[in-house]
Amino acid sequence: MDSYLIRGGKRLYGTVTAQASKNATLPLLAASVLTEEPVGLRHVPDIADVRNMTRILQGLGCKVSWQGDTLTVDSACADTCRVPRELSKELRSSVFLLGSILSRFGCAKVSYPGGCDIGLRPIDLHIKGLKALGVIIREEGDALHCDGSNMHCGDVMLDFPSVGATENIMLAACKLRGETVVRNAAKEPEIVDLQNFINALGGRVSGAGTDTVRIEGVKHLHGISYSPLPDRIAVGTYLLACAVCGGKMCVEGCIPEHIYALLIKLRESACKIEWKNDKIYIEQNARPQSVHITETAPYPGFPTDLQSQFLTLASVSEGTGIIVENIFETRYKHVAELIKMGANIRIKDRIAIVRGVKELHGAMVEAHDLRGGAALVLAGLNARGVTALHGVRHIDRGYERLEEVFQSLGADISRKTVKE
Ligand code: EPZ
């Protein structure tokens, strides 16, 4: 079990390059099952969720290989539509394999997915969407038996713009004769990346990035080599680290407009922040100012995946800030750990009232989920003294050796591996 040892109080200086997006790479890996030709993904981050997804693909009979940071999936020999329970439980993204496995094999058997413990995370919208395409779904315990032998195109209205449900239906509809429409679709950049990927495979998808996605089924999809888009949440995490610790940073290889909501909030926090082409520059030399209220929302609103890290910024800002988490029910698990470090936070349902303190102090803390863990790293980088952060396995799910990124910026952070 790995831990971080962080000696805080150092300003961060330097340049970092964005990693490829976890939340784009995972659906692209699911989509690789749609073709019997090899698919190469370039600059793929070496993170636990990607490794778990490749294990699921290998369980389906796909051949997976790494050449440096290029990951190649050859699904020609894929021969089963069943995802082993223990692997389904590992990560949320196993659920949107449903769509691509159904499209490839006409059947699918998966267990209810795992992933971060940030709420109930039902999959009712996925199931409703697939049923609208003629899939017959039988739930047995926590397993889903899906019969897609009579699948057909359809018109799906999502009750909520669910990212995963939008992706699942896009994948399921790729090879269905006729046009499938997804209304009230998620508009996240990762949906646009999936559309671009499917079209590069020879598919015909349009409308991604708007609330209506149209999928024209095609007979054949061929292999390609593709670079997933940069990870906007990792980029936002690095920028928030600079705002929390002070210093001067450039993040390159990113798409600033993908985190425009955060950039505006950082300006409101009195950070100096500029962006041009694929670079974002941030400088913070004084104590950040509290932002009155920040509410998470579907894209292009403030991303829920940056809420935890933004809460750390609020914890050390001058003044009182209010944060409202509108997407997940319990995304404040790391608050108790922040309070151990001297933060002054009150939680009322989905609302966090944060009275900023001048600085935090080191403590022994535990990560309970991916983004809450990243938020605790930022808190440790700010804190006076030493912070021991346990549960780094949660952080490794979505960040590639996060300690090395911050070491390159001058932070005093090291990874300790304790033999289990
Ligand atoms: C994706 O999760 C991301 N994960 C999440 O990132 C991200 O927080 C989320 O989208 C929102 O942007 C991946 O892409 C792998 P949703 P997903 O379906 O698809 C409810 C991270 O830290 N809902 O848009 O699971 C759900 O409970 C992770 O990188 C239903 O009620 O998110 C939640 O309250 C965390 N029924 C809300 O919708 C459903 O069938 C948003 O979920 C599906 C979702």
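One disulfide is present in the structure, a disulfide being defined here as a pair of cysteine sulfur atoms within 2.5 Å. The model is a predicted one, in which local features need pLDDT of at least 70 and side-chain atom pairs count only at pLDDT 80 or more, while totals for chains, interfaces and linings use all residues. Residues are numbered from 1 along each chain as its sequence is written, and side-chain values use heavy atoms, with hydrogens and water left out.

The disulfide is formed by Cys81 and Cys107, with the sulfur atoms 2.5 Å apart. The torsion about the S-S bond of Cys81 and Cys107 is about -115°, and the disulfide is therefore left-handed. Distant parts of the chain are linked by this pair: Cys81 is in the loop between β5 (70-74) and α3 (85-88), and Cys107 is in strand β6 (residues 107-111), 26 residues apart. Helices (H or I, at least four residues) and strands (E, at least two) are DSSP runs, numbered from the N terminus.

The domain assignment divides the protein into domain 1 (2-18 + 230-417) and domain 2 (22-226); the bounds come from an automatic or database domain assignment. A distance of 30 Å separates the C-alpha centres of domain 1 and domain 2. In domain 1, 21 residues are in contact with 20 residues of domain 2, contact meaning heavy atoms within 4.5 Å. About 1800 Å² is buried between domain 1 and domain 2, 53% of it on carbon and sulfur atoms. Buried area is the accessible area (1.4 Å probe) that two parts lose on being put together, summed over both.

Three salt bridges are found by the rule across the interface of domain 1 and domain 2. The side of domain 1 that touches domain 2 consists of six nonpolar, three polar and 12 charged residues. In this classification Ala, Val, Leu, Ile, Met, Phe, Trp, Tyr, Cys and Pro count as nonpolar, Asp, Glu, Lys and Arg as charged, and the others, Gly among them, as polar.

A search of the whole structure gives 23 salt bridges, the criterion being a side-chain nitrogen of Lys or Arg within 4 Å of a carboxyl oxygen of Asp or Glu. Among them is the pair of Lys128 and Asp159, whose closest N and O atoms are 2.9 Å apart. Lys128 lies in helix α5 (residues 124-132) and Asp159 in the loop between β9 (155-157) and α6 (163-173), so the pair ties together parts 31 residues apart in sequence. Arg397 forms a salt bridge with Asp49, with the closest N and O atoms 2.7 Å apart.

Two backbone features complete the description. Tyr299 and Pro300 are joined by a cis peptide bond, with omega about 10°; Pro300 is placed in the loop between β17 (293-295) and α10 (307-315). Asn277, a residue other than glycine, has a positive phi near 55° and lies in the loop between β15 (272-276) and β16 (279-284).
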